Amino acid sequence: MNGERVPELSIVVVNYNTREATSACLRSVIDASPGVDLELVVVDNGSTDGSVEAFRERFADATVIAAGENLGFARGVNLGARAATGSWVLLLNPDTITLPGSLEALLDFARLHPEYGVFGGRTLRPDGGVDPSSCWGEPSLWSLAMFATMASTAFKRSPIFDPESLGSWPRDTVREVPIITGCLLLVRLADWQRLGGMDEEYFLYGEDAEFSLRAGRAGLRRVIVPAAEIVHEVGGSSDAGGAKGCMVMAGKVTLLRKTWSPVRAAIGVRLLVAGVGVRAALEALTRRSRAPWRTVWRRRSDWIDGYPRAEATLFGRELASA
C-alpha cells in the first residue's frame, strides 16, 4: 500500500494452510467492493502450503505478514490490526465470500449510526440458507442449564430454552445483540486500540465473545446490519472427530472464568461438563458411528481448565513462561 494514503477500511484476515480459500476470500472482497477505499492485511500463521508466497504474488497491494508459527486467532488478529492504517477495521474469516455491495452497506450504516460501536452482518451458507453464527446471545446460568439438560437441543431456536441462539430470528433486520463473532466484525480502529484488541490468552474460539462483551462494558453497542452479507463455509476440518468441540469448550470455559465471579463460573463449568456428558451418553446408547461428543467427553481434562492450559493440551504447544 502507498504509505501516504490512509484507507477508510482495513480488512484483517488470519490464514492457516487455507491458501486457495483465503485467496478466494480476498478476491471476493476486491471484486465486491469497487467503491470502498480499502487495504488488505493478511496474517499467515505458519502455513506450509505456500500461502505467503501465493498471497504476495496474487495480491501485490496487500500487506502480508508471515508470523512464522501458529499464533491462534486472537494473537493473529491483533498482529494484523497493529499493521492496519484504516479508519475502520474489519475482521473477516478466510473461508468467506463477500457479496457485492455488502461492505458499502456496512460502512454506510456505521457512518450513519455512530450510536453503535461494533457492527456485524448476515452470514449465509453456500446453499443460500442462513448461518446464524454471525451473532449470539450472552451466556447465562439459565442458558447453560438448558444445555446441560439438552433442552436447548430439544427446543432448538427457542428464545426460552435456547436463548443464546437469539431464537428463530433469521438475521434479516437491524438488531442490537450481545455478541458479534469474528467471522465478520467491524469496529473503528480507535475503539479497537482503546479496548486493547482481542484477549491473547485465548488461542481459538471464545475470544470474539469476550471482545464483544468487553466492548459492551465499555459502552459500545453491538448491532447486526443485514445488508452486509457474506457466504460462510460452515464446518471445516477442525470439527473432525470432536476436535472442534474440544476447542469450543475450552473457549467457553475461559469466557466464564474470565467474565464471571469464581462461584458462578464454577457452576457454569459444571453445567457445561454435564451437557457434554449427557450428549456423549446418548451417542453411546444409540451406537452412532460418528460420536464427536464422546471425544469431547473423553478429552474433558484437556479443556476443562480453559486457556492458557488448553493451548498446550489441545494444540500441543508449549506455553510461554511468565
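Predicted model: local features only at pLDDT ≥ 70, side-chain atom pairs only at ≥ 80, totals over all residues.

User: Why is I160 called exposed?

Analyst: The relative accessible area of I160 is 52%. Exposed means over 50%, so I160 gets that label. You'll find I160 in the loop between α6 (151-154) and β9.

User: And what makes L166 buried or exposed?

Analyst: L166 has a relative accessible area of 14%. Buried means under 20%, so L166 counts as buried. L166 also lies in the loop between α6 and β9.

User: How do you know whether R171 is buried or exposed?

Analyst: Run the check again: R171 comes out at 1% relative accessibility. The limit for buried is under 20%, so R171 is buried. R171 sits in the loop between α6 and β9.

User: What is there to say about phi in L166 and R171?

Analyst: Phi is positive in L166, near 65°, and L166 is a residue other than glycine. R171 isn't a glycine either, yet its phi is about 60°.

User: What makes W142, F155, I160 and F161 a patch?

Analyst: Those residues form a nonpolar patch on the surface, and together they have about 410 Å² of accessible area. To join a patch, a residue needs over 30% relative accessible area and no salt bridge, and nonpolar side chains are joined within 5 Å. I160, at 52%, is over that area cut-off, so on area it qualifies.

User: Why is strand β12 described as largely enclosed?

Analyst: Strand β12 covers residues 221-232, and nine of its twelve residues are buried, so the rest of the structure largely encloses it.

User: How do you know which strands pair with β12?

Analyst: Pairing takes at least two bridges, so just look at the bridges. Strand β5 (residues 96-98) has three bridges to β12 and runs antiparallel to it; T98 stands opposite I230 there. Strand β6 (residues 116-124) is joined to β12 by seven bridges in the parallel sense, with V118 opposite R222. Strand β9 (residues 175-176) has two bridges to β12, again antiparallel, and R175 has I224 as its bridge partner.

User: Last one: where is the cis peptide bond, and what is its omega?

Analyst: The cis bond joins Y307 and P308, with omega about 10°. P308 lies in the loop between α12 (300-303) and α13 (309-315).

Notes. Residues numbered from 1 in each chain as written. Heavy atoms only, no water. Buried < 20%, exposed > 50% of the residue type's maximum accessible area, 1.4 Å probe, protein only. Helix = DSSP H or I, 4+ residues; strand = E, 2+ residues; numbered from the N terminus. Patch = residues over 30% accessible without salt bridge, like charges linked within 9 Å, V, L, I, M, F, W, Y side chains within 5 Å. Areas by Shrake-Rupley, 256 points an atom, 1.4 Å probe, with all protein chains shown as cover. Salt bridge = Lys/Arg side-chain N within 4 Å of Asp/Glu carboxyl O.
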